[in-house]
Amino acid sequence: MHVRMFAACAALLAMCGVLWPAADAYRAQIEEWRVHREAGLKADGGWLTVTGLFWLHEGTNSFSSTSASAAILLPAAEGVRDGEFDLHNGRVLLRLDGQNRVLQPDTAGKPDVVTMGSLTMFVIVRGDRYGIRLKDNNSSLRKHFTGLHYFPVNADYRITTRLVPDAKKIPILNVLGQVEDTPSPGYVDFELHGQKLRLTPVEESPNELSFIFRDLTSGKDTYGSGRFLDTELGKDGEVVLDFNKAYNPPCAFTPYATCPLPPKENRLAVRIEAGELKYGSH
């Protein structure tokens with residue numbers, strides 16, 4: 001009798017929108033994650049500050065905020081000077097203020113950064129192409145940012161599964177049309193809405209997995225090219241897929257990113273109504 005009464009009270013509380021402590025704690029965890037996610041986007045040097053991408057040609061590539069003939073035209077801002085990037089056989093030399101310095105690209109970990117007032121520049125390498133990524137802490141993208149929006153938190157989209165080991169390299173296409181064979185440690189199987197599904201991660205670093213996926217919300221409610229989901233590889237291969245933490249790639253916020261696209265095996269024929277919604281009209 002008491003058990004039935006308890007169940008009836010629990011159902012009534014649920015109908016009224018009252019959360020049990022565990023559910024309340026989970027919602028608070030997701031809300032905290034969202035706060036950190038948005039803070040990272042808006043931070044100095046975050047993706048909202050990325051305002052340019054300039055591909056270098058072999059030889060001298062000048063930069064300036066005043067000369068229209070410069071290969072790289074920079075915004076007019078305090079502290080900006082004229083200089084040159086010299087690309088020769090895969091090495092980029094910076095000439096600035098009468099000094100020369102070889103710049104390490106982003107493939108070496110943290111790239112060498114050139115700072116001029118609110119602007120920063122550094123070398124990126126994509127395939128056989130060398131470019132200069134420009135960031136501006138005073139960018140209009142950052143100033144006019146309207147905030148992130150999400151599907152309601154839903155614990156049903158937090159799924160525990162295990163990694164099936166199958167180490168190999170999978171081809172990942174990026175928005176530049178380049179394909180890179182990327183290490184993957186295996187795949188995960190799971191069930192959602194009565195459908196059996198599979199996702200293949202790429203390995204960002206030891207015990208850290210990144211899933212690039214597309215679902216039936218893509219292009220409607222969520223970003224058209226797909227979304228990202230990061231997770232840890234736990235003990236005995238445990239993997240928690242929490243789609244409430246699915247987020248948009250940088251290309252959703254700036255046209256100067258070089259985002260990877262979901263591999264064909266990660267295009268899911270199901271709606272995943274969890275995580276980050278599309279941003280603006282980009």
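Q: Is R95 buried, partly exposed or exposed, and what is the relative accessibility behind that label? Which of these applies at R95?

A: Welcome! Before the case itself, please keep in mind that this is a predicted model. Buried means under 20% relative accessible area, exposed means over 50%, and partly exposed is in between. R95 has 30% relative accessibility, so R95 counts as partly exposed.

Q: Which side chain does R95 meet in a salt bridge?

A: For the general idea, look for a side-chain nitrogen of Lys or Arg within 4 Å of a carboxyl oxygen of Asp or Glu. Here R95 meets the side chain of E84, at 3.5 Å from N to O. E84 belongs to strand 4 (residues 83-88) and R95 to strand 5 (residues 91-96), so the pair ties together parts that are eleven residues apart in sequence. E84 is partly exposed, with a relative accessible area of 28%. D86 joins in as well: E84, D86 and R95 are linked in a network of salt bridges.

Q: How many salt bridges does a search of the whole structure find?

A: The search finds 13. Let us visit two others. In helix 2 (residues 21-42), E31 and R34 lie three residues apart, about one turn of the helix. Their side chains meet in a salt bridge of 3.5 Å, N to O. E31 has 35% relative accessibility and counts as partly exposed, whereas R34, at 11%, counts as buried.

Q: And where do R126 and D106 lie?

A: Their side chains also meet in a salt bridge, at 2.8 Å from N to O. R126 is in strand 8 (residues 119-126), while D106 is in the loop between strand 6 and strand 7 (114-116), so the pair ties together parts that are 20 residues apart in sequence. R126 counts as buried because its relative accessibility is 17%.

Q: Which cysteines form a disulfide?

A: First, the general idea: a disulfide is a covalent bond between the sulfur atoms of two cysteines. This structure holds one disulfide. C251 and C259 form it, with their sulfur atoms 2.4 Å apart. Both cysteines are buried.

Q: Why is the disulfide of C251 and C259 called right-handed?

A: The label follows from the torsion about the S-S bond: for C251 and C259 this is about 115 degrees, so the disulfide is right-handed.

Q: Which residues gather in the patch of positive charge?

A: R214, K220, K264 and R267 gather there, on the surface. One of them, K220, lies in the loop between strand 14 (208-213) and strand 15. K220 has 53% relative accessibility and counts as exposed.

Methods. Residues numbered from 1 in each chain as written. Predicted model: local features only at pLDDT ≥ 70, side-chain atom pairs only at ≥ 80, totals over all residues. Heavy atoms only, no water. Patch = residues over 30% accessible without salt bridge, like charges linked within 9 Å, V, L, I, M, F, W, Y side chains within 5 Å. Areas by Shrake-Rupley, 256 points an atom, 1.4 Å probe, with all protein chains shown as cover. Lys, Arg positive; Asp, Glu negative; His and termini not counted. Charge placed at Lys NZ, Arg CZ, Asp CG, Glu CD. Helix = DSSP H or I, 4+ residues; strand = E, 2+ residues; numbered from the N terminus. Buried < 20%, exposed > 50% of the residue type's maximum accessible area, 1.4 Å probe, protein only. Disulfide = S-S within 2.5 Å.
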